[in-house]
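Q: Could you take me through the reading of a few features, giving the general idea before the case at hand?

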Amino acid sequence: MAVIEAPARSEAPAQPATALLPPLTLRARLRAYRALLAASYQEALQYRAESAVWFTFEFVQPLVMIGMWLTVYAGRQDVDGYARPDMVLYYLGVMVLATLLVPHPEWWVSELIRTGELSQYLIKPIPVAAWQLASEVAWKLVRVLLVTPVLVLSLLVLGQTVRPPALDWWGYPLFLASCVAGFALCHCLKVTLGCTAFWISKAEGVFSFYWLFEQLYSGRFMPLDLLPAPVAALGTWLPFQYIYYVPLQLFLGRLTGAALWQALGVQLLWLVTSVLLVRVVWRRGLVRYEAMGG
Amino acid sequence: MAAVPGPAPAPSASVAGDAAPVIHVHRLCKYYRVYQKQPGLLGSLRGLVRRTYREVRAVEDVSFDIYAGELVGFLGPNGAGKTTTLKVLSGLLYPTSGRVSVLGYDPWKRQPEFQRQFSLVLGQKNQLWWDLPAIETFVLNKEIYGVPDGQFRRTLDELVELLDLERTLYVQVRKLSLGERMKCELAAALLHSPRVLFLDEPTIGLDVVMQQRIRDFIKEYNRRHGATILLTSHYMDDVKELCRRVIIINHGRLIYDGRLDEIVRRYADWKVLLAVFEQPVERARLEEFGEVVSYEPLQAAIRVPRSEIAARTGRLLAELPVLDVTIQETEVEDVIRRIFGGTADADAAAPASAGAT
């Protein structure tokens, strides 16, 4: 048998070799992130038809809900503290925010892991998280293009039934900040969800379980304060209302004073928790990936 | 008595003056634990309670050093551990035991400074953005790797010229043929001028002309830039044309590390002739042309010494009612099977004297 080995030499290079490229400065890194976002945006544009189909699902439901509530309000001024204009504005808010603040990285992440495509991203000198985030932000930028005409049209039709929210000037930047936090929170939760693919080969079952709770407690169906008390109680211990329900309540002027700051504080807490969670799960998953085959 | 060697002397003493290897692999082992499902529904249920695992020894005690500018062929049948080793070297897998260093780095730490200096091309995976023209991936890679504008332009021009990419650069990747895509994959992997290049099956699935083009390119790239290249391939021609040195592993173990001309001369000096006949031909007739590997009255495969292939094909065409004839290149698997003594041929039985150089 031909067992022929080259003489084993056991010394390793003393000094790591330096690249034939200039060092990566902060400026170079920022340029890389910008290029990543630009490429992601171009790709998302390629899927604008698909995006439009998904968007249709997302905006039809709140509009139907508006129609339903308008029937409920026939002859009433108020349902559990929601005047008719508030309710219409609530669902218009859901229509816009649910589309813009709920990313879906779980599909892509689990697909990368399952197929091993992840390897291509792991060998690049830029964190995989940057790819995930850039891709989701890009899809949302396309959604902005889609949601704007629908919103304008809805306001034209429903114009006399809504009234502008009574917000102080500082309420608007606070609302925007809360929206960004909600998006980041949801993104982290769903990347974590996608990471289940490190351990489970078919993750869709877990996804459905997650969606059930997200749908109910994000406020998509109805304002959470209208839910039956025991059902709503569980929701207060879950992160989902901090995705867009809390920003929306802020926008509607229904969160004021101490309650407002408390809600924003808890949102921030959930955001930090979700960032830590996704980091831990991602790292543990990678250990498994590195062990199992890549 | 006292001849038992103690710990090896300090390496600096023994190889003074030698440059350090670019790739250093010392007693590398990589084991996987694979979940083993019992058959049937009952087995699935049992698996929920207690899982049974099987240990797969993908790489076992493999050592080699590769020096700057070498172009080494990495051979072995499917599942031999080639890709696993490349993945360890790229930092995608961490070693179960042993030591690995590439350019002086621990690959699995995945430091950006290391990652900017190598590339891994997996022939069956792509890094190009499917829905965008290849140039978009190139520009993105430029920024991700931090390639200065001037250098990027020069490198791109060179790659476009070498790979003949003018027309494919601006076409959506999904509309490219497999060969065009592979050329773009190579270009995408080389834009940051890596010192080390791992190529896993770069010619798989390509037609002969395209295989040749890729080969020419790899050879030229290695010559021009002195990049260190480790290449796996199923096609003997790839290896023959490109690599002076080959490393062969099977079942995770290193079985040969040495000059290629030695191994090809010794083990792969035949080709296989596939012939289809108009009328049934007797087996005995075919034995005259070489060793009959498989036989049916209307078609047969005959192993013929490489040096006689033309003469015997000519004779075959002249003497027998041949409808069609193809000459099959020897596959790496065949060579390896011979090294293992899988056939009873004399030349396979006596490789013990083959010395690595």
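Predicted model: local features only at pLDDT ≥ 70, side-chain atom pairs only at ≥ 80, totals over all residues.

A: Residues are numbered from 1 along each chain as its sequence is written, chains are lettered from A and ligands numbered from 1 in the order in which they are written, and side-chain values use heavy atoms, with hydrogens and water left out.

Q: In what order do the six strands of the open sheet in chain B stand?

A: Strands of a sheet pair through backbone hydrogen bonds, either parallel or antiparallel. Here helices (H or I, at least four residues) and strands (E, at least two) are DSSP runs, numbered from the N terminus, and two strands pair if DSSP finds at least two bridges between them. The order in chain B is E5-E6-E7-E3-E8-E9, with mixed pairing. Strand E5 (118-122) and strand E9 (253-259) of chain B each have a single partner strand, so one side of each lacks a neighbour in the sheet. E5(B) runs parallel to strand E6 (residues 196-200) of chain B, and five bridges join them; Val121(B), for instance, has Leu199(B) as its bridge partner.

Q: How do helices H5 and H6 of chain B pack?

A: Two packed helices are described by the angle between their axes and the distance between the axes. Axes are lines fitted to C-alpha atoms, for helices over the stretch in contact (heavy atoms within 4.5 Å), and angles run from 0 to 180 degrees between N-to-C directions. Helix H5 (residues 134-145) and helix H6 (residues 149-163) of chain B pack at about 140°, their axes 11 Å apart. Among the residues that meet are Phe138(B) in H5(B) and Phe152(B) in H6(B).

Q: How many disulfides does the structure hold?

A: A disulfide is a covalent bond between the sulfur atoms of two cysteines, taken here as a pair of cysteine sulfur atoms within 2.5 Å. Over all chains there are zero. For Cys195(A), the closest cysteine sulfur, in Cys188(A), is 11 Å away, which is too far for a bond.
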